[in-house]
Amino acid sequence: MVLGMIDKYVVQPVYNFFDEVGRIVLFAMEAITLLFRPPLFWREILTESHHVATTCIIPVVCTVAPIGCILAIQALNILRPLGVEKLMSSMVVIIMVRELSPAMTSIMIAAQAGTSMAAELGTMRVKEEIEAQDVMAVNPIQYLVIPRFIALFIMCPILTVIAFFVGMAGSYVISVYVEGVNKGAFLTGLWTYLEMYDVGGAIFKSCVFGLVVAVISCYKGFYVTGGAAGVGRAANDAVVICITTFLILNYFLTSILWITM
Amino acid sequence: MASKEEFRKYETGEPIVTVRNLSKSFGSLRVLKDLNCDIKAGETTVFLGPSGTGKSVFIKHIVGLLKPDEGELEVMGRNVPTLGERELYELRKHLGLAFQLGALFDSLNVYDNVSFPLSHHTRMRQKEIKSRVAEVLELVGLPGTENKLTTELSTGQQKRVGLARALALNPTIVLFDEPTTGLDPILCTTIDELILKLKTELGKTFIVISHDIEGTWNMADQVGVLYQGTLLRYGRNADVRRDDNIFLKQFFGRTEDGPMIGV
């Protein structure tokens with residue numbers, strides 16, 4: 001009885017977890033191997049990149065701009081009583097570049113483009129479109145998955161940079177026009193602690209997050225089972241797994257990139 | 001190596017697909033059991049049987065989408081289960097499969113669907129591709145539908161576009177997975193007549209998976225009857241039709257009385 005319960009609630013879930021992780025890794029390895037094998041479907045890469053950019057830009061702007069504003073208010077709440085108001089923009093820019101821009105952009109991309117990819121590929125699987133491509137001697141991973149990988153790998157850092165500027169703009173507006181911070185002090189403070197290494201680190205993070213969205217969303221969609229319900233489950237799983245993975249991975253990436261500084 | 005050899009031309013009546021002791025299980029469920037048959041070039045071979053007897057699984061083995069647990073399957077001289085991806089894709093360029101539900105790409109229009117294999121596997125110019133697409137659409141009775149979205153088409157039209165796409169590369173073997181399932185009797189007849197017409201006009205090898213008995217008698221040269229994963233009978237149309245086997249009599253007579261159990 002007890003052994004049965006342990007098997008059902010501990011052993012099986014742990015086994016299933018590692019089984020799924022193994023499958024995702026194998027899928028990613030297959031896709032990355034095929035990335036270097038011609039043909040590369042340029043039209044699909046452009047279509048997917050355009051799709052990611054157009055569907056994600058508004059959600060990214062709409063989430064990052066208020067976060068920039070909030071960050072400015074909270075930073076001033078701490079720094080103003082200490083008389084170091086001029087450090088506010090330095091603090092905001094570092095947090096924005098290193099953490100919030102890549103993380104928030106990736107979360108919105110996972111929610112918008114990732115779910116869309118999982119649902120689209122899942123529907124194609126259910127309707128035998130993926131099998132049809134295979135039968136027509138066109139490798140579906142090359143034709144469907146690789147363009148999505150490349151699109152996310154390219155668009156995630158681009159959207160992160162846009163998110164950074166939008167977030168900083170929000171912060172600037174609140175600090176200067178609402179809280180009365182000196183414009184010159186704000187702009188000078190931006191460059192006090194920020195280094196190119198931070199920008200590079202943020203872009204590296206967003207590339208990794210882009211790949212995570214690509215691998216998980218495409219895997220979940222590509223191997224859908226169970227018809228329409230399966231497609232819904234795949235889209236839901238994709239976004240949950242992506243965001244959880246970002247948050248865990250973000251700690252390790254931050255540790256590697258900045259903890260010793 | 002077989003894969004680097006050219007695909008030779010097969011004479012009518014020569015075995016083009018050879019199946020030996022083919023078995024396949026999914027978990028504990030044995031779907032195909034020791035299948036043996038020779039499918040001849042230039043003929044129409046129909047595999048009949050009740051739903052869930054492994055007909056679609058069998059066709060998926062022929063195109064290499066599934067690998068058997070045991071047995072051999074040779075298509076145009078290639079042992080399909082042993083082929084690597086490149087060799088399998090070379091073989092598939094000689095096979096055209098019309099899927100049960102069409103399997104058309106929703107995001108593309110009829111032209112893009114039908115031209116898909118042409119733009120990927122030939123060096124044809126746009127003008128030549130356009131002309132070939134128009135030609136195969138004409139063959140399946142859907143001329144001038146190039147710009148329609150697949151979602152604007154009826155089920156029967158979608159099946160015919162799927163068939164046009166399967167024919168686009170001028171394959172040696174054309175496979176149909178239940179071409180008349182879900183269609184009304186008039187459309188069923190239209191599709192059966194279309195297959196007959198294509199056979200007459202193109203002289204290709206057709207392999208059809210079906211449970212439409214009347215349609216089978218009209219179009220088949222060879223008939224195979226699958227039941228619970230076993231090939232009950234395989235032979236010439238007239239011979240199978242006249243067979244005294246109690247299972248076949250029940251199936252052809254469309255009656256519940258007999259040993260055959262619906263799945």
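1. A quick word on terms before the helices: axes are lines fitted to C-alpha atoms, for helices over the stretch in contact, and angles run from 0 to 180 degrees between N-to-C directions. Helices (H or I, at least four residues) and strands (E, at least two) are DSSP runs, numbered from the N terminus.

2. Keep in mind that this is a predicted model, where local features need pLDDT of at least 70 and side-chain atom pairs count only at pLDDT 80 or more, while totals for chains, interfaces and linings use all residues. Residues are numbered from 1 along each chain as its sequence is written, with chains lettered from A and ligands numbered from 1 in the order in which they are written.

3. Start with helix 5 and helix 7 of chain A: their axes come within 8 Å and cross at roughly 145 degrees. The crossing is right-handed (the near helix is turned clockwise from the far one; a left-handed crossing has it turned anticlockwise by less than a right angle). On the helix 5 side, the residues that meet helix 7 include Phe149(A), Leu152(A) and Phe153(A); contact here has C-beta atoms, placed from the backbone, within 7 Å.

4. Helix 5 (residues 140–178) of chain A also packs with helix 3 of chain A, at an angle of about 140 degrees and with the axes 7 Å apart. That crossing is right-handed too.

5. Now look at helix 8 of chain A. Its 32 residues (227–258) should span 46 Å at 1.5 Å a residue, and the end C-alpha atoms are 45 Å apart, which agrees. The expected span is 1.5 Å times one less than the number of residues. Among its buried residues are Val231(A), Ala235(A) and Phe246(A); buried takes 20 or more other C-beta atoms within 10 Å of a residue's own, exposed 12 or fewer, and partly exposed is in between, with C-beta atoms placed from the backbone. The buried residues of helix 8 pack against helix 3 (88–126) and helix 7 (196–222) of chain A.

6. Over in chain B there's an open sheet of four strands, in the order 2-1-4-5, with antiparallel pairing. Strand 2 (29–40) and strand 5 (78–79) are the edge strands. Strand 1 (residues 15–26) and strand 2 pair over eight bridges, with Val19(B) opposite Cys37(B). Pairing needs at least two DSSP bridges between two strands.

7. Finally, where do the chains touch? The contact takes 14 residues from chain B and ten residues from chain A. Helix 3 of chain B gives the most to the chain B side, with four residues.

Note on methods. Contact = placed C-beta atoms within 7 Å.
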